[in-house]
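Please find below my numbered remarks on the model under review.

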Amino acid sequence: MESDGESDLETLIRTMRPCLVPEVFVFLNLHNNDELPGEIFQKSVFTFKEKEGNTFVLPRPIVERLGYQYEYPCRMITLEVHSSLSAVGFLAVILRHLADQGVSCNVASGFFHDHLFVPDGEEENVMELLKILSESVGDSSEEDSVEEEELEESDLQEESEN
């Protein structure tokens, strides 16, 4: 199995390829001693065991049908770039970008991809913010290259004039 993911920060940002999942998800917390319907395990897109209980992220209709209380109705955005588990700064850059715009975000990292959970109703705004961030990486490096070339040309002109 291919397990090496991308670890270069600029490449990760430029090629993140955010994909909006159509369902609305919710966070559900159940105590460790609760008897759980099998459907919770089967349909959960993310599960985490904490000392206070188990956290599940599930499609909202399933949780509502089962009659559980939930929090944080959200949309899942999968970053389709295969990011390395040891990549440094990828999520920090994204979360800072979203925080600067006042957007709440919870994150789950899988073996291949990172998944952003953003408030239901904010997903289109977040998709646009991620697009802007992704495009800014390519733009800044192109601008830097142009500036470097202009500096080199002006240095060459000064040398030839002297």
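1. F112 is partly exposed, with a relative accessible area of 30%, and F111 is likewise partly exposed, at 41%. Here buried means under 20% relative accessible area, exposed over 50%, and partly exposed in between, using a 1.4 Å probe and protein chains only. This is a predicted model, in which local features need pLDDT of at least 70, side-chain atom pairs count only at pLDDT 80 or more, and totals for chains, interfaces and linings use all residues. Residues are numbered from 1 along each chain as its sequence is written, and side-chain values use heavy atoms, with hydrogens and water left out.

2. The structure holds six aromatic pairs. Rings of Phe, Tyr and Trp (its six-membered ring) pair if their centres lie within 6.5 Å; planes under 30 degrees apart count as stacked, over 60 as edge-to-face and the rest as tilted. One of the pairs, F27 with F117, is edge-to-face, at 5.8 Å centre to centre and 85° between the planes. Because F27 belongs to strand β1 and F117 to strand β6, this pair ties together parts 90 residues apart in sequence. F27 and F117 are both buried.

3. For F111 and F112, the ring centres are 5.0 Å apart and the planes stand at 70°, so this pair is edge-to-face. A separate point concerns F25, F27, Y72 and F117, which form one aromatic cluster.

Conventions
Helix = DSSP H or I, 4+ residues; strand = E, 2+ residues; numbered from the N terminus.
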